[in-house]
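Welcome! Please take a moment to look over the sequence and the 3D structure, and then we will walk through them together.

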Amino acid sequence: MRKNFVFLPVLIIVVLIQLLTAWTGTIFYLTQMTMSAYYSLLIVGLCVLMGYAGQISLGHAGFFAIGGYISAALTTRNLTAHVEHPVVRLLDLLGCLQAGQDIYGDPLLVVTPWAACLLAIGAALAVSFVLGIPVLKLKGHYLAMATLGFGIIVYRLVLASEYFGEADGISGVPGFSLLPGLFVSGDISWRVTNYYIAWGVLLIAMLLLRHLIDSRVGRALRAIHGAQDAADAMGVDTARFKLQTFMVSAVLSALAGILLTHYNGGIGPSEASVMKSVRYVAIVAVGGMAHLWGALAMGMILNFLSLRGCFGSYDDAVFGVILIVIMLFAPNGILSLRLGLLSPLSLKGRQFFGFLRKKQAAKEA
Amino acid sequence: MTTELFIQYLVAGITYGSIYAIVAIGFNIIYNTTGIINFAQGEFVMLGGMLSITFLQFLPLPVAIALAVLATMAIGAGIEMLFIRWLKQPGILRMIIITIGLSILIRETALHFWGANVRSLPYFVGNEISTIAIFGARVSPQVLWVIGTCGLMVVFLNIFFQTTSIGREMRACAANRVAAVLCGIDTRNMVTLSFILSAGIGALAGAVMSPITYTQYDIGTGLAIKGFTVAIIGGLGNSLGAVGGGLLLGILEAFSVSVVPLAFQDAIAITILLVILFVRPHGLFGSSAVAGLKEF
């Protein structure tokens, strides 16, 4: 497995960054690095769906929101008043509830983070299954619009329902104790741990996705991307493979949503917005569509810059420009961009500038 | 439900429906000549409204609207020439992403230009409270302006496509591009023309609807989704189907207000879109025999 050697340098870079921030006293950068890592988790999942299976999704922020919102609502909404409800009783029997006190000292009964996490992932699986069967039959514009429509429905639902906090979102989400000593929380004392938790989850996901791509499933996906009819004719069950990939990427998105929500201590409707979905697509496109490491690198860099506020009020515009420029000049991603491509000497550059010159000449004539 | 209330809802539905129909026809014009869905279609409507409001500060209303429509047409032409014309056989995925990028760019530029304030043109005739009685329902005269303008646009577009030579060339381009080239039609110019035309009708609709629906920098996305829904209901590329689909969606939305909370209204339109995509992707009015030859 030659490809797995890439993991070692990445791991070294991750550790070096942490040591560097500790040494230079800029440990606060780790907060945005952690958040970027969770967004990148979604992005690598989307990368497999878009780059390898060739299916565009403009609704992945919807899955992120399903994960984040369900886990946030279950771990914060007080069930004390509904103790007699059969569902609550069942959860109690399964040991999924924890009692406590809210800030006013009143009794608080909520679902434990682990149970909430599993329920949220289950919800994402169910939604992606039910949605995926009809949606993945569509192609091109129809697929883009259908997934976009799904994203907008999720956005409208969280914005309109009181249970999900309407425009305010949900705040006060407790930390999530994955294992003893691994506590997902935005508390400053846990910052370094959380940085490694995020990277740990991300790298495990990368490992799984890499194996998926190198397996029979991966070869089938590439065949589907190349020519679906040919793949069908060769006996590849294209519908099943597309659906499985869709579900894998939906679960990764939901997981990213769950962990980031516990880390941030809350979630707002903007996480479900169409612009977020478009942003993820933009990052996958910059990374080079069928290039997992490229998607990961771009996911880290662009999200980090965006979260640090480097783009100011041009945040969305920057991603719009990135989309256009990459798709016009380097549809295979920024890594395929050889030096000097934009110069008038290169072929693509000559095409573009030649066109502009022709326009100019026509105007003068 | 009383007759007056029924008519009130009906008129509201027809008003919104005719705007959706115009957006859908804008989609169709570009789709027919290029095979591209222009995700920035809603932004043309926004630009039409915003530019009219800006020009109104210096010019009388009709001139301001005319100028805004012309400016939006120029922007449409510019977009096509800068971003689309020189690409050689771009894939669908690439075009989707480019037009999405364009829509974001136009929207963000508008945000920096005009801010996030909600603006509107003044009422063309009368003011906010002047009404006309139609079968007992009270209707603003601006509603008639919207319905009338959209109706006229549909009629003129039909005449344009059926009788003028440029219109016929555009239809030839839509029917079979290679054959059109062989007949000596410059298909590239037809593509530019289709962008100009759909920018123009979008902008005009944006200007006449502004007094009643208001204009904000981000109205484009919502309109584009509704317009696409309508284009799908009517069968993509079918402009008369779009009119039927638009009225259907508009009326459905208007009556749904009395049953479902307003906050869920958009979700309803999109659910309709999804259901139609899954069940009848060739549209309600298209024939399934023709659809069998298409790819969805």
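How many salt bridges does the structure hold over all chains? There are eight salt bridges over all chains, where a salt bridge is a side-chain nitrogen of Lys or Arg within 4 Å of a carboxyl oxygen of Asp or Glu. Before we visit some of them, here is some background. This is a predicted model, in which local features need pLDDT of at least 70 and side-chain atom pairs count only at pLDDT 80 or more, while totals for chains, interfaces and linings use all residues. Residues are numbered from 1 along each chain as its sequence is written, chains are lettered from A and ligands numbered from 1 in the order in which they are written, and side-chain values use heavy atoms, leaving out hydrogens and water.

Let us begin with a pair in chain A. The side chains of A:Asp214 and A:Arg210 form a salt bridge, with N and O 3.7 Å apart. Both belong to helix α7 (residues 191–214) of chain A, and because they are four residues apart there, about one helical turn separates them. (Helices are DSSP runs of H or I with at least four residues, strands are runs of E with at least two, and both are numbered from the N terminus.) An α-helix has 3.6 residues a turn, so residues three or four places apart point the same way. A:Arg210 is buried at a relative accessible area of 9%, whereas A:Asp214 is partly exposed at 28%. Here buried means under 20% relative accessible area, exposed means over 50%, and partly exposed is in between, using a 1.4 Å probe and protein chains only.

Now compare two further pairs. A:Arg240 meets A:Asp237 in a salt bridge whose closest N and O atoms are 4.0 Å apart. A:Arg240 is partly exposed, with a relative accessible area of 42%, and A:Asp237 is partly exposed as well, at 36%. In chain B, a salt bridge joins the side chains of B:Glu80 and B:Arg85, at 3.6 Å from N to O. Are these two residues of chain B, B:Glu80 and B:Arg85, buried or exposed? B:Glu80 is buried, at 2% relative accessibility, and B:Arg85 is buried too, at 12%. Salt bridges can also link up into a network, as they do for A:Arg279, A:Asp315 and A:Asp316.

Next, look at where the two chains meet. Contact (heavy atoms within 4.5 Å) involves 43 residues from chain B and 41 residues from chain A. The area buried between the chains is about 4,100 Å², and carbon and sulfur atoms give 81% of this area. Buried area is the accessible area (1.4 Å probe) that two parts lose on being put together, summed over both. How many salt bridges are counted between chain B and chain A? The count is zero. Four residue pairs, with both residues at pLDDT 80 or more, are in polar contact across the interface. A polar contact is a pair of N or O atoms within 3.5 Å; within protein, one must be able to donate a hydrogen and the other to accept it, and residues adjacent in sequence count only if both atoms are side-chain atoms.

Which helices of chain B take part? α3 (61–84), α4 (92–114), α9 (219–234) and α11 (265–279) of chain B each supply at least two residues of the side that touches chain A. The largest share of that side, 14 residues, comes from α4(B).

Helix α6 (residues 165–175) of chain B is our next stop. Its buried residues are B:Gly167, B:Met170 and B:Cys173. Viewed down the axis of α6(B), these buried residues fall within an arc of 115° and therefore line one face of the helix; the arc is that of the directions from the helix axis to the C-beta atoms. They pack against α1 (3–34), α5 (141–163), α7 (177–182) and α8 (187–213) of chain B.

Finally, turn to two loops. Most residues other than glycine have a negative phi. A:Glu166 is not a glycine, yet has a positive phi of about 45°. A:Glu166 sits in the loop between α6 (140–160) and β3 (170–171) of chain A. B:Tyr214, also not a glycine, has a positive phi of about 65°, and lies in the loop between α8 and α9 of chain B.
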